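I set out to record what could be looked up in this structure, chain by chain and then residue by residue. The entries below keep to that order.

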Amino acid sequence: MTGFDLIADAAENLYPARMQMALSLGWHIVFACFGIAFPLMTVFTEWRGHRRGDAQLTRLAHTWAKAMGVLFAAGAVSGTLLSFELGILWPGLMDRFGEVFGFPFVLEGFAFFIEAIFVGVYLFGWNRLSPRAHMLSAIPMIVSGMAGAFFVVAANAWMNNPTGFDLAEDGSVVNPRPWAAMFSESTWPQVTHMLLAAYMVTGFTIASVYAIGMLRGRRDAYHRAGLLVPLTFAAVLTPVQIGVGDWIANVVADNQPTKLAAMEAQYESTAGASLSLGGLYYDDELHYALEIPYALSLLIHHDPAGVVPGLEEFPDELIPPVNVVHLAYNTMVGIGSALLLLAAWFAWAWWRRRELPRSPWFLRAVAVSGVAAIVAMEAGWVVTEVGRQPWIVYGIMLTEDAVSPAPGLFLGFYAVVVIYVLLTALTVFVLRRLARSPGTPAPQEADARPPDAHTGEVAVK
Amino acid sequence: VSLPEVLLSVMFVGLLAYALFAGADFGAGIWDLLAGGTRRGAPQRELIERSIAPVWEANHVWLIFVLVVLWTAFPGAFAAVVTTLYIPLTLAAFGMIARGAAFAFRKSITTLGMRRFLGGGFALSSLVTPYFLGAVVGGVASGRVPPGIAAGDVVTSWINPTSALGGVMAVLVCAYLAAVFLCADARREGVEDLVEQFRTRALGTAAVTGAVGIAGLFVLRADAPVLFDRLTGRAAPVIAASVVAGVAALVLLRTRRFVAARAASGLAVATVLVGWAVAQYPYVLVPYLTIEEAAGGRATLLAMLVALVAGGLVLLPALVYLYSLFQRPEHEPEPEPSGNRAGG
């Protein structure tokens, strides 16, 4: 295929639009995780620091607050692009269903507003508020971060499980009920899964930064605390996440049978279905997979003889890309299980000796756990989003009917690739600098320095 | 007054807040661009940085607010506008990303080359973003966006005389607002030479904005006669109020009453936008789609009204708190933490 063919193909907007949305969402969600979970870990550390009179902990919390500011700024700008893209790329969806599922985005607007305000207050007020007032100012930030996650994931849950409206004879939407649309059967499992994922991503990632520091020999109290606090958050929540995964799989089985069949790469509808790990799906069959007898029926129906519907039940054009969904699902579950083992190792050592495991392999495992958690979370979103294809609103509207027909739209994809490469490089650069020299100011902080030497005395008044 | 009109008005209040607050932030970036060489421009750039650092993210959210209210309450009109005008909107979104990222990361970086690169990115995107947003307003106001998905011309809907006027006016207004706001900020910090610099700039920009505004009326008469008739007809009192507020702002600037000048300037800018709204009424998309026709279902509108009132009650005190905290000085750097501080 020549470059010209590629561009000619791309003139069909659907594929580039999907890639653009995937890239924008996949980038934003990493930063959103920190927006959701980092405030609580930071203020917890700040509270412990004040409580114990431990200057190390207070310093650690201040460094985290600045990192939080950088990550929040990156999340805010990438989120803005997303709100444009929802309309620019998928006008068919917004035009027809905006009045049904747009409402949680309005609430998210408020939640994000409150969070932006209090991120500013928290960082700017570090030396301007009393410790108590300062820690209280973090509460709106924590609550609005989690509320924002609820609203956005609720909108996504609606796309998986559309409710809260009726369709007229001609297919037009009548009687939209936004509250009902916000609380579909998929909302709570999806929201819980995402909130826990946010805490795991944040916890393992922050811990991995300090694990790398400790592997390089910086084994002081500062690094130890920097590893211990976030790792504890993540380790406590990991087993809960596995349980929630079971819940969400059951909801998917009930509401999105094609997605579940693709996750398991199951062609034939089977009683006593086995769980398949890995493999490659072609010719209506999964090859080279590791099979665990009866496990799938057990997982889905909690009954080894339960019937799991396979892809054969559905017309070919309504089946999502099986390999992508199946392997992404295996990746997520595999990494989740590995993180559970890591959490158990940590818990056992702590229970026995109130100390981290001594093996350097523990630190090495923590050092990669951050990237692993991010990969697992991205894989989970691939399962959700690719698994819903070819529908944008499951069972009701096809993605190809929602995409904008505007000429030249596909060029946006290439621009977005360039922008995100630059943005990623910058974010990593700044965070590395922040890690090396903690005096670096965060974006929401104002410089304490006066603008000019001779006006210094007046300016600081 | 009908329910859709109430919601559109609330959205419009969000748009005004975005224009005034985020507009001033964009304008500050424009002055950053024009501040001169690295050494000479440093005091101005630092004042600009301190003025907008704690508030720019919150100010920016007004735009998100406008978008989400539009797509939920007026989904058809939203889909029509963003698809026909997707090019300037995408470019504006890129500008917002570049500006936000460059501003956020600039101060965390000390190497001169990188700082210059990011500073340039911040300043340049502060200039182009309001232009594209103004061009979008020009396209909508001159009736170039028909209902339907990508139904309008994706090029001429924003490359046309009214859009050019809208874009240039948006840039000028942002620069003017920023200069006025920065006068008061410099005064509060007691940096008198910066006060004078920004005062001169405010007065100069006001003169240019006024001249472009008057010339713009001729552009509108030729390019968007419907808009022109309504602006000079039923919206005339609003436009007159804008002129009065603008003149008052100039007098206040000349007499160095900067806080009052801020209010008068804000009023002058807000009334121009209100004039546009009055001229468009009752159309969302002139001359095709009215507010009533564009509105979504009643249950949705009611839910939004409840959410907007409740959200506003939470949001406004928080915003006031942020702006008032921002006026507070910093005390001792890194207070020594001790066991009993958390308790009291």
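The entries that follow concern chain dimensions, nonpolar cores, backbone geometry and selected residues.

**Entry 1. Conventions.** I worked on a predicted model, in which local features need pLDDT of at least 70, side-chain atom pairs count only at pLDDT 80 or more, and totals for chains, interfaces and linings use all residues. I numbered residues from 1 along each chain as its sequence is written, took chains as lettered from A and ligands as numbered from 1 in the order in which they are written, and used heavy atoms for side-chain values, with hydrogens and water left out.

**Entry 2. Chain A.** I looked up the secondary structure of chain A and found 17 helices and 10 strands; helices (H or I, at least four residues) and strands (E, at least two) are DSSP runs, numbered from the N terminus. Chain A is as compact as a globular protein of 461 residues, because its radius of gyration of 24 Å is close to the 23 Å of the globule rule. That radius is taken over C-alpha atoms, and the rule is 2.2 Å times the number of residues to the power 0.38. Along the principal axes, the C-alpha atoms fill a box of roughly 75 × 55 × 50 Å.

I noted that 60% of the 461 residues in chain A are buried; buried means under 20% relative accessible area, exposed over 50%, and partly exposed in between (1.4 Å probe, protein chains only). Chain A exposes about 18,600 Å², with 65% supplied by carbon and sulfur atoms; such areas come from the Shrake-Rupley method with a 1.4 Å probe, and for residues only the protein chains shown count as cover. The 26 positive and 37 negative charges of chain A have mean positions 26 Å apart. Lys and Arg count as positive and Asp and Glu as negative, while His and the chain ends are not counted; each charge is placed at NZ of Lys, CZ of Arg, CG of Asp or CD of Glu.

**Entry 3. Chain B.** For chain B I recorded 13 helices and 2 strands. The C-alpha trace of chain B spans about 65 × 50 × 40 Å along its principal axes. Of the 344 residues, 58% are buried. The accessible surface of chain B is about 13,100 Å², and 71% of that belongs to carbon and sulfur atoms. Chain B carries 24 positive and 20 negative side chains, with the centres of the two sets 6 Å apart.

**Entry 4. Nonpolar cores.** Which residues have the most contacts inside the largest nonpolar core? I found Leu93(A), Phe97(A), Ile117(A), Trp158(A) and Leu227(A), in a core of 233 residues. Helix H3 (residues 55-89) of chain A gives the most to this core, with 20 residues. Another core, of 18 residues, lies apart from it and includes Ala253(A) and Tyr329(A). A nonpolar core is a set of buried Ala, Val, Leu, Ile, Met, Phe, Trp, Tyr and Cys residues joined through side-chain atoms within 4.5 Å.

I then followed Ile117(A) and listed its contacts (heavy atoms within 4.5 Å). Beyond four places in sequence, Ile117(A) touches Ala58(B), Leu315(B), Ala318(B), Leu319(B) and Leu322(B).

**Entry 5. Backbone geometry in chain B.** Most residues other than glycine have a negative phi, and most peptide bonds are trans. I found a cis bond from Tyr281(B) to Pro282(B), with omega near 0°; Pro282(B) is in the loop between helix H11 (258-280) and strand E1 (283-285). The bond from Val286(B) to Pro287(B) is also cis, with omega near -10°, and Pro287(B) lies in the loop between E1 and strand E2 (289-290).

Phi is positive at Ala150(B), near 50°, in the loop between helix H6 (112-141) and helix H7 (161-189). Ala150(B) counts as buried because its relative accessibility is 18%. Phi is also positive at Arg256(B), near 60°, whose place is between helix H10 (236-254) and H11. Arg256(B) is partly exposed, at 34%.

Among the buried ones are Arg45(B), Glu49(B) and Arg50(B).
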